Amino acid sequence: MTDLADIVSSAFWRVNAPDADPVETREWLEAFDALVQAEGRERATFLLRRLLDHARVRRVPLPPVLNTPYKNSIALAEQPQFPGNLEVESRISAIVRWNALAMVVRANRAHAELGGHIASYASAADLFEVGFNHFFRADDLVYFQPHSAPGVYARAFLEGRLSEENLSNYRQETGGKGLSSYCHPYLMPDFWQFPTGSMGLGPINAIYQARFMRYLENRGFAQKSSPGRNPRKVWAFIGDGEMDEPESLAGLSLAAREGLDNLIFVVNCNLQRLDGPVRGNGSVVQELEGLFAGAGWNVIKLLWGSDWDPLFARDHDGVLLKRLHETVDGEFQTYAATDGRFNREHFFNKYPELQELIAHMSDEDIDRLRRGGHDPLKIHAAYHAASRHGGQPTVILAKTKKGYGMGLWGQGKMGTHQQKKLDDDALREFRDRFAVPLSDEDVAQLRFYRPAADTAEMKYLKARRDQLGGYLPARTSKVDALKVPALEFSSNRSQSTTMAFVQLLASLMKDPALGSRVVPIVADEARTFGMQTLFRQFGIYSSVGQLYEPEDHDELLYYREAKEGQILEEGITEAGALSSWLAAATSYSSHATPMLPFYIYYSIFGFQRVGDLIWAAADSRARGFLVGGTAGRTTLAGEGLQHQDGSSHLAASTIPNCRAWDPCFGYELAAIVHDGARRMLEAQEDVFYYLTVANENYPQPPMPEGALEGILKGMYALQRKQSERLQLLGAGPILREVIAAAELLEKDWGIAAGVWSVTSFTELRRDGMRVERERRFGRKAESWIETCLKDAPGPVVAASDYVRAVPDLIRPYIARPFTALGTDGFGRSDTRAALRAFFEIDARNVVVAALAALAPKLAAEALRRYGIDPVARPPWER
C-alpha cells in the first residue's frame, strides 16, 4: 500500500512540482491576471499558445495539457443561481428513489429469477432529476443509462403516465401490462425512444443521431439552431465502465470534427462496474478527461458537492488537491462504502495540514460530504454550462457513489450492482435517509407512493414539465404517409444486381416528391458498388461544404462535397455507418420526418461485424434498407476467406422484423425495393429490409408474366415443363447454376425439372411457421410453398450461395425428399467457376444431387462423367 501511494504521489509531483521560487511565480501569475483583466481572455489564450510554441522550439519539456486538477471545472464564483425549489425537488427525488427501489425489490420477492438493478439508478438519480426539472425539453432526445430504467419508470408513475399495475409487473411483460427490463422501444413503443441495453451502443448512436440532426438542418428538413431559439439537444447518459466498449469511443472524433454542440454526454463516474472498480489502481475521471479533451470535446468535471467548497477555499497550499490526486479509485470506492470516522482516519489524517483543514468538522459532517453527481446545485451548473457551450460537443464527468443512499447494504459495496433484495431494516433505513412519508407497514409491504394531485410536489413536477414542453421519454410513430413512385427495371446488356440497385437508387433519388428523402449511406465503398455516378449530381454531405478542389475536378463525375449533400460517406467504420443508418431509419419517430435510408456495404461486414447494432435497429423499429453488396461466398470470387459472405442470410432470419431477400434478377430487385418502400412509407410498417446484391454480370431478362406475387412471397416458377420428375430451387446468382443444371438434366439424362426462383428463404419459413401453428391450433391453412409445389412432382433440390442452413430453413414445410446445397466452410480466392465447383453448388453438382434423389445409380455415373471426385473431403472440412 505504501509503495503504491509513493508511486501515485510522485506522479502528482511530476505534474505539480515543488516551487523553487514562490516569489517569482507569484509575479508571473499577477502579470498574467493583469493581462486577462486589461486585454481579455482571447489575448491571454493567444499568448499562451505562442509561449507553448516557443517552448517547443527551445525543447522545453511541456506539462500534460489534457488533464486539469481533480476538482470541479466550474468554480463557485461562476456557478449560476439555481432557478428551482431545492426542498420540493429533494422530496420529489426521494419519492422517485423509493418507488424505483420498491419496484425492483417487490418483483424479486415474488419471483427471484426476474432480476433488476437498484444501485445504478441510486447513483444517477440526481443527474436525471435535475435534467427532468430544468433541462430535458420534450423534443430533446435522451439516451438513458439502461440499468437506471427503474428510476425512469418511477418518475413516469408520478407523472401519471404509468400505473401502479405497470410498476407491479416490472419485468413481467407477457401479460401485456408489464415493463421491460431496460430501454426497449420495440416492447414499449409509446415510451422508450432508444435501446441502450447493449453496452456501448448508446454512445455511438447518440453521436450519429446528433450528426443526423445537423444533416436534416443543412438539407432543409429541420429548422437550424439560432441564438433566439433553444436548440434541440441529444443527451446520452453513460456508465464509466461502459466507456471501455470500442463503440463508446468510435465516434468521439467525428462529434468534435462536426462541431456537434447539440450533443451532451453525461458519464456517471461511480467508479464501479459489476465485478469491481473500473480503474482500481488509477483514476477513470482523469483518464476520460484526457481521452475526450484529446478528441476535441469540451470537458466539464463535476466531482465535488457544495460542502467541499469551503475546504477548497481554505486549501491555500494545495494539500487537499494533492491528497485527491494521489488517491486511486479503489480507495475512493472504500471511502464511499465507509463512514465519516473511517474517512477522517484514512483520508484526511494523512497530512497535518488536512487534519487542521477539517478540525472543525464532526464525523457526521464528513459523512455528509457529497460527490458532485449528488448535488443538484453543482449538477445544474454543469448542465447550464454544457447546454450553452458552442462549437464543441460536451462531456460531463459526474462523480457519484454506486448504491448511493443504500447504506451498509449497498453503497460502494463490491456486489452492489447485483443487489436486488433488501430486508425490512434496510428498507426502513432507506426511507429514513430520504425522508419518504411512509409507515413501517407501508415499507414492509413495499407500497408505492404517489402524493395527491394538489400537493406541492405534484404541482411542481407538472409545472416544470409543462415549462419544458411535455413529458419524456415519449415516442411517436405516426407521420404523414409518403407516396412511393413506381419502380421498373430493364436492361439490354449483361449487368450485376449491384448495378441494377444503383440504377434503381438513382431513379428513386430523382423522383420529385420522394427523392430528397432518400439517404444513401456508404462506408468508403461507393466506387466498389459503382455509386460514383451519384457524387456530382447529389453531392456528399459535409457540414463545412468543400474547402478544397478535388483531384478529379475536371472529370464529369468528380468527388463533390456540399453542405446540402445527400450521400452520407462515413469512411471506414461499419459501426458508424450503421449508426448513421439507424438515425435515418428512425427519423420518422425521432424527428417526425420520414426518410428512406439505404446503407450499402460489403455484406460480410454487416451481420457478422455489427450484428448487435442491427438488433438495436430492430428494437428501434427502424424503417430502411440494408444492402449487402459483393454478396455470396462464391460470387465475390477473388477476395477470399475474410471477405466472402456465406452466413448473413442465416443471421438475418433470426430477427423478427427484418425481411431478407436474395434476388437474382434486376426485376426481382425492383419489385422488392418498391414493396419495401411502400410498406415503410405508405403503410408505415415497422420493418426493415436486408437485400443482397452481387458483382457478377449476366443477362437481365424481363419479368415473367404473373411473377410479382411470388417474388414478394419468396418463390415463383421460372421454368415449368411437361413430365417433370423433380423441382430445382435457386436463389441469388446461384439460380443461374440451377437453370444450367436443368438444361444438363434434360440434355444428358433426359429428365425434365421445374425451376423456381427463391427470392427469400426466410419469408417462406415465416409463412411455413405461421401455417404450421394454424394447423396445430386446429385451423386450416396452406403455405405458399405448398401452393407452389402441389402440382409440381418429385424431390426438391435447393441451392444458394450461403451455408446449407439457409435453404434448410424451408425443409420442415416440404413433405417430400429435400436436398439443400450451400457454401459451408471457409472461403477461398479463385474464380467463380472454381469456387462453385469446390463448394459443390455449380450446375454439375446440382445435377448430381438431383440424380441422387431420383436414381442413385445415375448419380454415380454422373460423378464419373463430370469428373467429380467422390472421395474428396467435404468443403467444410478443407
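Me: In this predicted model, are Lys301 and Glu289 buried or exposed?
Reply: The term buried applies under 20% relative accessible area. Lys301 falls in that class, and Glu289 does too. Both residues of the pair are therefore classed as buried.

Me: How far apart in sequence are the parts that the salt bridge of Lys301 with Glu289 ties together?
Reply: The closest N and O atoms of Lys301 and Glu289 are 2.8 Å apart. Lys301 belongs to strand β4 (residues 298–302) and Glu289 to helix α11 (residues 284–295), so the parts tied together are separated in sequence by 12 residues.

Me: Which residue forms a salt bridge with Lys350, and is that residue buried or exposed?
Reply: Lys350 is partly exposed, with 37% relative accessibility. Its salt-bridge partner is Glu326, with the closest N and O atoms 2.9 Å apart. Glu326 has a relative accessible area of 3%, and the cut-off is under 20%, so the class is buried.

Me: Which helix holds the salt-bridge partner of Arg155?
Reply: Arg155 forms a salt bridge with Glu129, the closest N and O atoms being 2.9 Å apart. Arg155 is buried at 1% relative accessible area, and Glu129 is buried at 3%. Arg155 lies in helix α6 (residues 149–158), whereas Glu129 lies in helix α5 (residues 119–134).

Me: What radius of gyration does the protein have?
Reply: The secondary structure comprises 35 helices and 18 strands. For 878 residues the globule rule gives 29 Å, and the protein is close to this, so it is as compact as a globular protein of that length. Its radius of gyration is 32 Å.

Methods. Residues are numbered from 1 along each chain as its sequence is written. This is a predicted model: local features need pLDDT of at least 70, side-chain atom pairs count only at pLDDT 80 or more; totals for chains, interfaces and linings use all residues. Side-chain values use heavy atoms; hydrogens and water are left out. Helices (H or I, at least four residues) and strands (E, at least two) are DSSP runs, numbered from the N terminus. The radius of gyration is taken over C-alpha atoms; the globule rule is 2.2 Å times the number of residues to the power 0.38. A salt bridge is a side-chain nitrogen of Lys or Arg within 4 Å of a carboxyl oxygen of Asp or Glu. Buried means under 20% relative accessible area, exposed over 50%, partly exposed in between (1.4 Å probe, protein chains only).
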